[in-house]
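Please examine the structure shown below.

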Amino acid sequence: MTTASAPVLEIRDLSVSFPTETGTVSAVDGVSLDLAAGEIVGMVGESGCGKSVTAMSLAGLLPSSARVTGSVRLDGTQLVGARESALRRVRGREIAYIFQEPMTSLNPVLTVGRQIGEVLQVHERMSRRAARARAVELLTLVGIPSAAQRVDNYPHQLSGGMRQRVMIAMAVACGPKVLVADEPTTALDVTVQAGILQVLRDLRDRLGTSVLIITHDLGVIADIADRVVVMYAGRVVERAPVDDLFAHPRHRYTAGLLSASPQPGRHAGTDRLTEIPGLVPVLASQPDACTFADRCPAADEQCRAAAPPLEDVGGTDHVAACWHPCITAPTAAQEANR
Amino acid sequence: MTPHPNALEIADLVMHFGPVRAVDGVSLTIPRGRVTALVGESGSGKSTVGRCVVRLVEPTAGTVRIAGTDVTHLSRRRLRPHRGAVSIVFQDPAASLDPRMLVGEIVAEPLRLAGKRISRRDRDARVAPQLERVGLRAEVARRYPHELSGGQRQRVSIARALISEPMLLIADEPTSALDVSVQASVLNLLADLQRDIGFACLFITHDLSAVEYLADDIAVMYLGQLVETGSRERIFARPAHPYTQALLSAAPVADPVRQRHRQPVLLGDDLPSALDPPSGCRFRTRCPLAFDRCATEVPAQTAIGDGMAACHLVRPDGTGPDVRTADPSEVLS
């Protein structure tokens, strides 16, 4: 999806490393990504690929030991290296977060109305009464029935799905331009997940919020994302519009992930799931080589000698970092479309 | 004497934890060598059923028969000869493997518990082929669990579960804690082992895509009761119960083009409390098709092929209502 207007969020060459007792761990290496207004971008990858660290680094939420380099511009304002006081003004107002487990993000001894209201009192300097009234509106916006009563509930009185809706209400209270949702439905059941994804889509449609959704679930990506970024071992390995990515994955890791997921219509008696041998590496430093080479069926000398750049691989806005991109990768999704 | 045809027979199983009615009248039969998936959301009681079968908890009422033997209330000592017949693999291998034991000791533990006194050399000889069978090198026996990856640890759990050559394996969300690519290898492994060894399996999961891959039969559980059972083909092609239909429609498929044309059935968020389940049909508070009778009358089980569906709207010929025709706005109001 190409938009004429400047991106709301512009990430350039973002790298994050952590010093540890046993040496440096490189978590994110040279990630670049644009988020247009009203766009939903899905970031997908397995545990340890750096997707959450990338998300946290955007608003300076990482511990102070993290070394962050590169550039993150939110509506033109540089966030990497910004002063804490400047970041405090941005957080919640311009960029907001929701996380996987709503119960650990909510204060158990305050009503949800007070918690949503607090955001408005701090950022918008609203009175307590006005903040409460606005909290009821926000709860309605995220699809909580009888919001006027629910506003006085404590978190433990709500179901998991309701709590996540409260988190979303809190996150969008000040009308942020960017909402970062880090595994927002992973802790929820599928019937509840469908409702939460619907709320995120509604917010984008009604308020024009840009959403960066981070998940390991390809079904969630297929359901909600406009564009997809695939991460592996700290690097972006492929980026494409959602249809193109699922129909024509070019990086071998993306293709592997797609055919490793059980698909409707497949049974163990007739089909085998594709396995990706080996493990995600933990890297002390980012080598000048393809980090997927050790697990890749197509790897050769070139892959171990030089890191492949993110290059155009055909299609619109489709890039992959692979020396030997798949020409035809028959995934289950593709076969089903035939 | 011919062996009993059914690996597992559960009849009217009830498990109450104080006032919490976790399982409230579940009946389920698994023939030898078949894989039955028990599907449900968190709080449906599906794991409690598994724990009753391996007698980690003693059921409040009902019976559990393993190959025809009633084990529901056997004492620990009387139960011991039957322990080897049923094994369990848990969700989180990090929590279910003792961190202070070597992998070899962990895998051999069921033999020791069965009262077999075996020498260290015999033990190693028994453990090595088990590890190889689950795709691990024999040297892994001398490692500790923390030295292994999540997928390798789950393989150790499977090796431990299978060393006693069980007739029935309970797999309680065995892949939920694993990454997609690792999940695929564990699912493949379970499918291969099941086909080669031929044990029966109760596969407990919330993940419908894994179920379709592995199961012969499916049982859908909601708030302590089964709402629908049937063959995998029938459940996926013609789900009769509104809850089964909602579950199937809510799980997104990893294909954006198809996903765009699907309409998920949005259920209200609130799963009712198992402390005070709704009267009549337990699903009625979230069911888009609920009507007066659902509140007053517990739906009978209508037979569909080898299975059943418990809904007033399922007709005697086994055809069910279509939950997608209901107006979703009514559900959320």
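Strand 3 (residues 35-39) of chain B and strand 8 (residues 200-205) of chain B pair in the parallel sense over five bridges; two strands pair if DSSP finds at least two bridges between them. Within this pairing, Ala37(B) stands opposite Phe203(B) of strand 8 of chain B. Helices (H or I, at least four residues) and strands (E, at least two) are DSSP runs, numbered from the N terminus. This is a predicted model, in which local features need pLDDT of at least 70 and side-chain atom pairs count only at pLDDT 80 or more, whereas totals for chains, interfaces and linings use all residues. Residues are numbered from 1 along each chain as its sequence is written, and chains are lettered from A and ligands numbered from 1 in the order in which they are written.

The two strands belong to an open sheet of eight strands in chain B, with the order 6-7-8-3-9-10-12-11 and mixed pairing. Strand 6 (86-89) and strand 11 (301-304) of chain B stand at the edges with a single partner strand each, so one side of each has no neighbour in the sheet. From one strand to the next, the twist averages 20°.

Two helices lie across parts of this sheet. Helix 1 (residues 46-53) of chain B lies across strands 3, 6, 7 (168-172), 8 and 9 (217-222) of chain B, and runs at about 150° to strand 8 of chain B. Helix 6 (residues 150-162) of chain B lies across strand 6 and strand 7 of chain B, at about 175° to strand 6 of chain B. Axes are lines fitted to C-alpha atoms, for helices over the stretch in contact, and angles run from 0 to 180 degrees between N-to-C directions. Residues are in contact if their C-beta atoms, placed from the backbone, lie within 7 Å.

Between the chains, the contact takes 44 residues from chain A and 37 residues from chain B. Helix 8 (190-207) of chain A is among the helices that supply at least two residues of the side of chain A that touches chain B, and helix 8 of chain A gives the most, with seven residues.

Within chain A, the axes of helix 4 (residues 112-123) and helix 7 (160-171) come within 9 Å and cross at roughly 20°. Helix 4 and helix 7 of chain A are therefore roughly parallel to each other, the term for angles under 35 degrees. The contact is made by Val112(A), Gln115(A), Ile116(A) and Val119(A) of helix 4 and Val166(A), Ala169(A) and Met170(A) of helix 7.

Key. Parallel < 35°, antiparallel > 145°, perpendicular 65-115°, else oblique.
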